[in-house]
Amino acid sequence: MNEIERTTTIELFAGSSFSGKPVRERLRVHQVDTQVYRLLQSPGLVLGIAKGDLIEAPDKTGIFQIVSRAGLICVQILLQRPVFNLAPLETAVETELQGSVDGLTDKQLVLSVPSTAGFKKIENFLDQLVKHLGGAEWFYGNIYDPADGVTSLNWWQEYPTSD
């Protein structure tokens with residue numbers, strides 16, 4: 001199978017709506033084995049994972065297990081107003097953080113940033129970015145345990161940082 005034949009999309013469980021219905025997010029992936037996928041983008045809804053991570057999704061429920069991490073931090077930014085000119089933002093993320101813009105809607109922006117950039121540098125960049133975006137809010141998508149939202153996962157400690 002070549003690269004194009006193995007690139008697909010899967011739906012992962014992101015949580016439950018207020019009415020109790022499951023919420024899923026469709027993500028682009030590279031299938032590396034039966035039920036094993038490498039994420040080609042960081043998610044905007046699903047917590048605990050980022051671009052490049054290897055996950056196992058054994059069935060259609062969208063529940064997954066992390067096989068290995070790629071060392072990227074997922075940043076989810078909630079927008080107050082749409083971003084119309086993405087090029088300068090993409091350039092800034094690439095140049096200053098060696099990261100990428102993985103998703104953009106009228107209400108959300110998703111970034112992937114190497115953990116090796118260091119939290120201080122990432123947070124300074126994001127604080128300036130949300131000021132520029134006017135009222136946006138950012139949060140980490142894969143730093144805290146999705147079960148409680150506060151317990152640090154500490155996976156980045158195996159990657160050297162500039163902090």
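Is N154 buried, exposed or partly exposed, and what is its relative accessible area? N154 is partly exposed, at a relative accessible area of 34%. The cut-offs are under 20% for buried and over 50% for exposed, with partly exposed in between (1.4 Å probe, protein chains only).

The model is predicted, so local features need pLDDT of at least 70 and side-chain atom pairs count only at pLDDT 80 or more, while totals for chains, interfaces and linings use all residues. Residues are numbered from 1 along each chain as its sequence is written, and side-chain values use heavy atoms, with hydrogens and water left out.

Backbone angles come next. N154 has a positive phi near 55 degrees and is a residue other than glycine. N154 sits in the segment after β9 (137–140). Strands here are DSSP runs of E with at least two residues, helices are runs of H or I with at least four residues, and both are numbered from the N terminus. Q35 is not a glycine either, yet its phi is positive, about 70 degrees. The loop between β2 and β3 (36–39) holds Q35. Q35 counts as partly exposed because its relative accessibility is 29%.

Strand β1 covers residues 7–16 and strand β2 covers residues 22–33. The two run antiparallel and are joined by 9 bridges. Two strands pair if DSSP finds at least two bridges between them. L12 has E25 in β2 as its bridge partner. Between the strands of this hairpin there are 5 residues. In the hairpin, G20 takes a positive phi near 95 degrees.

Salt bridges were then counted. The criterion is a side-chain nitrogen of Lys or Arg within 4 Å of a carboxyl oxygen of Asp or Glu. The count by this rule is 3 salt bridges. In one of them, the side chains of R26 and E11 meet at 2.8 Å, N to O. This pair links distant parts of the chain, with R26 in strand β2 and E11 in strand β1, 15 residues apart. R26 is exposed, at a relative accessible area of 52%. E11 counts as partly exposed at 37% relative accessibility.

D102 and K51 form a salt bridge at 3.5 Å, N to O. D102 belongs to strand β7 (residues 100–104) and K51 to the loop between β3 and β4 (54–56), so the pair ties together parts that are 51 residues apart in sequence. D102 counts as buried, at 14% relative accessibility. K51 is partly exposed, with a relative accessible area of 24%.

The side chains of R69 and D53 also meet in a salt bridge, at 3.6 Å, N to O. R69 lies in the loop between β5 (65–68) and β6 (72–78), and D53 in the loop between β3 and β4, so this pair ties together parts that are 16 residues apart in sequence. R69 counts as partly exposed at 22% relative accessibility. D53 counts as buried at 0%.

Aromatic contacts follow. A pair of aromatic rings is described by the distance of the centres and the angle of the planes. Rings of Phe, Tyr and Trp (its six-membered ring) pair if their centres lie within 6.5 Å; planes under 30 degrees apart are stacked, over 60 edge-to-face and the rest tilted. The count by this rule is 5 aromatic pairs. Among them, F119 and Y140 are edge-to-face, with 5.5 Å centre to centre and 85 degrees between the planes. F119 lies in helix α3 (residues 119–133) and Y140 in strand β9, so the pair ties together parts that are 21 residues apart in sequence. F119 is buried, with a relative accessible area of 16%. Y140 counts as buried at 9% relative accessibility. W138 and Y140 also form an edge-to-face pair, at 5.0 Å centre to centre and 75 degrees between the planes. Ring pairs link F119, W138, Y140, W155, W156 and Y159 into a cluster.

On the surface, L47, L78 and F139 form a nonpolar patch. Together they have about 220 Å² of accessible area. Patches are made of residues with over 30% relative accessible area and no salt bridge; like charges are joined within 9 Å and nonpolar side chains (Val, Leu, Ile, Met, Phe, Trp, Tyr) within 5 Å. Accessible areas come from the Shrake-Rupley method with a 1.4 Å probe; for residues, only the protein chains shown count as cover. L47 lies in the loop between β3 and β4. L47 counts as partly exposed at 34% relative accessibility.
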